Amino acid sequence: MAANPMNQFEVYRIGPEIKIGTLDISFTNASLFMIISSIAILLIFNWGSKKRSMIPSKIQLLTELSYSFVSKMISDTAGSKAKPYFAFIFSLFMFVLFCNMFGMIPYTFTVTSHIIVTFMLAAFIFIGVTIIGFIRHGFGYLKLFVPSGVPIVLLPLIVVIEIISYLSRPISLSVRLFANMMAGHTMMKVFGGFVVSLGIVGGWLPLSFSVALTGLEILVAFLQAYVFAILTCIYLNDALNLHH
Amino acid sequence: MIKKIFFQSIFFNFFFLKEVFSAESGGMPQLDPEFWISQIFWLTITFGILYVVLSKFILPKISSNLELRKSQIQENIEAAEKQRESSEAKLREYEEIILKSKIEAKNFFKNAREKVIKDINAKKEILDKQIDEEISSAEKEIETLKNVAAEKINKIAIETSSDLIKKLIGTEINNSSISAIVDDLSKKNKDKYYGS
């Protein structure tokens, strides 16, 4: 039944089943929307950076504004040392943003509402940041777990807490995005179902609520992409500038 | 607060839905590992391609364009600054010229005044000299007139007194005796009439 609010998160195969060994890598609706988002990003940014005029057109202004937005975000949180990772954070932000935004269109699939996708991104960031930290500071990176100015008695406890908080970073990062997306979309679906079930008489209240929720969800879609990117910057800052 | 309501309603929905749609296979499709590998695979591919194309082809173009614009604006600002400086220098020059010409005008005025004063003084001196000369010549004339006047008066006095005596007495008297008397009188009264 289509009224089930969790149905929208169902992944299904498009086309034939593709297998490498025992691994199923079939093309699904999730893959389709990943590709659509990526292509949309590439098309917009290619279009916006093609003309390179001194006085920018609207689309060029859009690309330049998003460029300087992300650039400012990185330099504010992670400093100038994070410059080499700009392209990664930019594509991460844009990918999450576009996946979230495409999910707002009715009858589409939200890629970021799947824990495995967000967890893969978060795990990649976590591993990458840890590697960068160890390359930059060697074993001195472990000083991250020992904050300065803590009484020696509390130190074992603090170190354990710090290690746990460090290790839970990928989980918190991925669950934050995934839960926000899933919750919002489920809410909208539930209210949409109320509109249908309450009919012409009582359906107006959930309908108006649904409209308001759509606005809120668009805000959340942007905000979560921003939060995802800025947390990546903060983790990167820990790895690049070790000041604890 | 909104989040709290959010999650509460979600949990409520789950609870609610499980009862209503218990006939369907419930639970979250996200936790079904059937397509996890596929999603990981496609995520890696699409995100990898996105990253490579953005970082190699698109972002450098945007950044170079931004740099170009920044440098252009900087250049324009510098040019404007230069022009402003030059115009300020010209203004200063102009003010200097005005100041100089003012001083010159003042000098001219001063010189002219001095010259005029000198002229006036010289002419005044000449005039004074002339006046002095005239005064002294007039004084001399007066002096000579004064001297001559006494003699003339004496003569007139002698003539009139001889005439008077002739008319009164009817006989002529020797002029020399009259003149002796007049001389004597005039000598006596000279101080009275002319001062010393």
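This is a predicted model: local features need pLDDT of at least 70, side-chain atom pairs count only at pLDDT 80 or more; totals for chains, interfaces and linings use all residues.
Q: OK, what's the secondary structure of chain A?
A: Seven helices and two strands. Helices (H or I, at least four residues) and strands (E, at least two) are DSSP runs, numbered from the N terminus. The order from the N terminus is β-β-α-α-α-α-α-α-α.

Q: And what does the C-alpha trace of chain A span?
A: About 65 × 55 × 45 Å along its principal axes.

Q: How many of its residues are buried?
A: Of the 244 residues in chain A, 36% are buried. Buried is for a residue with 20 or more other C-beta atoms within 10 Å of its own, exposed is for 12 or fewer, and partly exposed is in between, with C-beta atoms placed from the backbone.

Q: What about contacts in chain A between residues at least 6 apart in sequence?
A: Of those, 66% join residues at least 24 apart. A contact here is two residues whose C-beta atoms, placed from the backbone, lie within 7 Å.

Q: Let's pick a helix. How far does H2(A) reach?
A: H2(A) has 21 residues and goes 30 Å from its first C-alpha to its last, close to the 30 Å expected at 1.5 Å a residue. The expected span is 1.5 Å times one less than the number of residues.

Q: Which residues in H2(A) are buried?
A: A:Thr63, A:Tyr67, A:Val70, A:Met73, A:Ile74 and A:Ala78.

Q: Why are they on the same side of H2(A)?
A: Because they cover an arc of only 130 degrees around the axis. That arc is taken from the directions from the helix axis to the C-beta atoms. In general, an α-helix has 3.6 residues a turn, so residues three or four places apart point the same way.

Q: What covers those buried residues, and what's on the face turned away?
A: The cover includes H1, H3 and helix H7 (204-240) of chain A, together with H2 of chain B. The face turned away carries the exposed residues A:Lys58, A:Leu61, A:Leu65, A:Lys72 and A:Asp76. Just after H2(A), A:Gly79 takes a positive phi of about 80 degrees.

Q: Is H3(A) mostly covered or mostly exposed?
A: Mostly covered, with 13 of its 18 residues buried. H3(A) reaches 26 Å from first C-alpha to last, close to the 26 Å expected.

Q: Which residues touch the most other members of the largest nonpolar core?
A: A:Ile89, A:Phe93, A:Phe95, A:Val96 and A:Leu236, out of 67 residues in that core. A nonpolar core is a set of buried Ala, Val, Leu, Ile, Met, Phe, Trp, Tyr and Cys residues joined through C-beta atoms within 7 Å.

Q: Which element gives the most to this core?
A: H7(A), with eleven residues. As for A:Phe93, leaving aside neighbours within four places in sequence, it is in contact with A:Val70, A:Ala225 and A:Ala229.

Q: Switching topic: how many residues does each chain bring to the contact?
A: Chain A brings 41 residues and chain B brings 37 residues. On the chain A side, H1(A) gives the most, with ten residues. That side divides into 26 nonpolar, eleven polar and four charged. Nonpolar means Ala, Val, Leu, Ile, Met, Phe, Trp, Tyr, Cys and Pro, charged means Asp, Glu, Lys and Arg, and the others, Gly among them, count as polar.

Q: Where's A:Tyr107, and is it buried or exposed?
A: A:Tyr107 is in the loop between H3 and H4 of chain A. It's exposed, with 5 other C-beta atoms within 10 Å. Its phi is near 70 degrees, a positive value in a residue other than glycine.

Technical notes
Residues are numbered from 1 along each chain as its sequence is written. Chains are lettered from A and ligands numbered from 1 in the order in which they are written.
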